[in-house]
Amino acid sequence: PMSRSAQREGTPATERPVAAAWTRAPAFWIAYAALAAIALGIAWKLFPLAIPLVNLDITFSRAEALARAETVAASLKLAPDDARSAVRFAHDSATQNYIELEGGGKQAFGALVRGALYAPYWWDVRMFRPGDVNEVTIRFGPDGATNGFARRVPEAQVRDAATMALSATAARTLAEERAAADWKLDLAPYALLEQSQQTRPAGRVDHAFVYQRAEKLGEARIRLRLTVAGDELTEIARYVHIPESFERRFRELRSANDTIA
């Protein structure tokens, strides 16, 4: 084994004192503090761009959403009495991506969140019974405003054989009347864009009517879909139609980001 004197001789006596001396110099810590301040300033500037923050005022709680959904479902007979309930808070990430990247930026999305034109955040209350196709999901905005619903019914379900195959005109009239009477929906800002229908195996004819608002979010448009199954209104869905060209560009962007990661 090497002697202590040999170990001391193997390391220059001045190496550690010199290395420690420059870290004690005031100039080192001044430069270090300046560099840290510059890094903090850059982070402060770039953080909102890398991770945009949204100020969202949620005045409608989960318990309130559940209670309101149960009341609406009972009054309109949308779900069985013994139905279970599941609640989630969700948001329209596709619309947020488009607006922040090409539809006006972070400020435009913040204005959309604060306004009443379209609610990109919402409560979904799903009421269902295990093993049963019949179920309903009722949607509320963060402020408690009713924001639509979607009801699933079996393809073979026919409530009344005499009215299971309505014409497009009769189905549209039924959809608009029920949307206004039961859901207080104002269709005045919307114009009919397209309509379609599908005949089920049991002979029931389902109709879908898509409406569009005049306002634009960049090149995107706010739309509304009403769905009729036979002689029942089964869906009111608000959504934003995003240009397909952006969706392709966004997929390419995500693919490049994943490759880099």
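**Close-up views of a predicted model**

View 1. Leaving out residues up to four places away in sequence, F128 touches A83, R84, S85, A86 and E135. In this predicted model, F128 belongs to strand 2, which covers residues 121-128. F128 counts as buried, because its relative accessibility is 16% and the cut-off for buried is under 20%. One of the contacts, A83, is 45 residues away along the sequence, yet the C-alpha atoms of F128 and A83 are 5.0 Å apart in space.

**View 2. The whole chain, for orientation.** Before we go on with the close-ups, here is the setting. The protein chain has 8 helices and 8 strands. With a radius of gyration of 30 Å, well over the 18 Å that the globule rule gives for 261 residues, the protein chain is more spread out than a compact globule. Along the principal axes, its C-alpha atoms fill a box of roughly 105 × 45 × 35 Å. Buried residues account for 33% of the 261 residues. The accessible surface of the chain is about 16,300 Å², and carbon and sulfur atoms contribute 56% of that surface. If we look at contacts between residues at least 6 apart in sequence, 56% join residues at least 24 apart.

View 3. L226 sits in strand 7, made up of residues 220-229. Is L226 buried or exposed? L226 is buried, since its relative accessible area is 0%. Neighbours within four places in sequence aside, the contacts of L226 include A175, E176 and A179, along with L185 and L187. Further partners of L226 are H207, A208, F209 and Y211, as well as L233, E235 and I236. For a sense of scale, the C-alpha atom of L226 is 25 Å from that of I99, and the two residues are 127 apart in sequence.

**View 4. The buried face of helix 5.** Helix 5 runs over residues 93-102, and T95, Q96, Y98 and I99 in this helix are buried. Looking down the axis of helix 5, the buried residues fall within an arc of 165 degrees, so they line one face of the helix. As a reminder, an α-helix has 3.6 residues a turn, so residues three or four places apart point the same way. Just after helix 5 comes G104, with a positive phi of about 120 degrees.

**View 5. Two lysines with positive phi.** Most residues other than glycine have a negative phi. K77, although not a glycine, has a positive phi of about 55 degrees. The place of K77 is the loop between helix 4 (62-76) and strand 1 (84-91). K77 is exposed, given its relative accessible area of 68%. K184 is not a glycine either, and its phi is positive at about 55 degrees. This second lysine, K184, lies in the loop between helix 7 (168-183) and strand 5. K184 counts as exposed because its relative accessibility is 67%, and the cut-off for exposed is over 50%.

**View 6. M164 and its loop.** M164 is found in the loop between strand 4 (146-152) and helix 7. Which residues does M164 touch, not counting those up to four places away in sequence? They are V158, A202, G203, R204, V205 and G230. Between M164 and A202 there are 9.4 Å from C-alpha to C-alpha, with the two residues 38 apart along the chain.

**View 7. R200 between two strands.** R200 lies in the loop between strand 5 (190-199) and strand 6 (205-217). With residues up to four places away in sequence set aside, R200 touches E155 and D206. R200 has a relative accessibility of 19%, so it counts as buried.

**View 8. Q107 on helix 6.** Q107 is part of helix 6, residues 106-114. Q107 is exposed, as its relative accessible area is 58%. The C-alpha atoms of Q107 and R248 are 24 Å apart, while the two residues are 141 apart in sequence.

Definitions and conventions:
Residues numbered from 1 in each chain as written. Predicted model: local features only at pLDDT ≥ 70, side-chain atom pairs only at ≥ 80, totals over all residues. Heavy atoms only, no water. Helix = DSSP H or I, 4+ residues; strand = E, 2+ residues; numbered from the N terminus. Buried < 20%, exposed > 50% of the residue type's maximum accessible area, 1.4 Å probe, protein only. Contact = heavy atoms within 4.5 Å. Arc of directions from axis to C-beta. Rg over C-alpha atoms; globule rule 2.2 N^0.38 Å. Areas by Shrake-Rupley, 256 points an atom, 1.4 Å probe, with all protein chains shown as cover.
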